[in-house]
Amino acid sequence: TALTYSLSGVDAAKFSLSGSSLILNAGVDYEALPAADKILDVTVTATDSVFGTSSSKAYAVTITNANE
C-alpha cells in the first residue's frame, strides 16, 4: 500500500512531515507567539493511492517555554 501524507489546518505552515513523522519547523518561538496561539492546530491526512481512500487526524500541539 502506498501512503502519502499531507498537512492542513490554520497552523499547518508551522509543521512539516518527515516520512510519517510530524515535525515542528525551526523558528517557532514561544515568546513570539501571541498568548492565544500557544496551541497549534494541524491536521494530518494519510491517503492510500491504491484504494483511493484517506483518513485524517487533527492534533492540538501545545507550545511550552524552554530554558535557553
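How many aromatic pairs does a search of the whole structure find? The search finds zero such pairs, and the legends below describe a predicted model.

**View 1. Strand order in the predicted model.** The protein has five strands and zero helices, so that, by the run-based assignment used here, the pattern read along the sequence is β-β-β-β-β. Among contacts between residues at least 6 apart in sequence, 44% join residues at least 24 apart.

**View 2. Overall dimensions of the protein.** The radius of gyration of the protein is 14 Å, whereas a compact globule of 68 residues would have a value near 11 Å. Taken along the principal axes, the box filled by the C-alpha atoms is roughly 45 × 20 × 15 Å.

View 3. Of the 68 residues, 18% count as buried. The protein exposes about 4,700 Å², and carbon and sulfur atoms supply 52% of this area.

**View 4. Lys-38 and the ring of Tyr-30.** The charged end of Lys-38 sits over the ring of Tyr-30, at a distance of 4.1 Å from the centre of that ring. Although Tyr-30 takes part in this arrangement with a lysine, the search of the whole structure finds zero aromatic pairs.

**View 5. Lys-57 and the face of Tyr-59.** Here Lys-57 lies over the face of Tyr-59, and the distance to the ring centre is 5.7 Å. This arrangement counts as a charge over a ring because the cut-off for the distance to the ring centre is within 6 Å, together with a position within 35 degrees of the ring normal.

Key: Residues are numbered from 1 along each chain as its sequence is written. This is a predicted model: local features need pLDDT of at least 70, side-chain atom pairs count only at pLDDT 80 or more; totals for chains, interfaces and linings use all residues. Side-chain values use heavy atoms; hydrogens and water are left out. Rings of Phe, Tyr and Trp (its six-membered ring) pair if their centres lie within 6.5 Å; planes under 30 degrees apart count as stacked, over 60 as edge-to-face and the rest as tilted. Helices (H or I, at least four residues) and strands (E, at least two) are DSSP runs, numbered from the N terminus. The radius of gyration is taken over C-alpha atoms; the globule rule is 2.2 Å times the number of residues to the power 0.38. Buried means under 20% relative accessible area, exposed over 50%, partly exposed in between (1.4 Å probe, protein chains only). Contact means heavy atoms within 4.5 Å. Accessible areas come from the Shrake-Rupley method with a 1.4 Å probe; for residues, only the protein chains shown count as cover.
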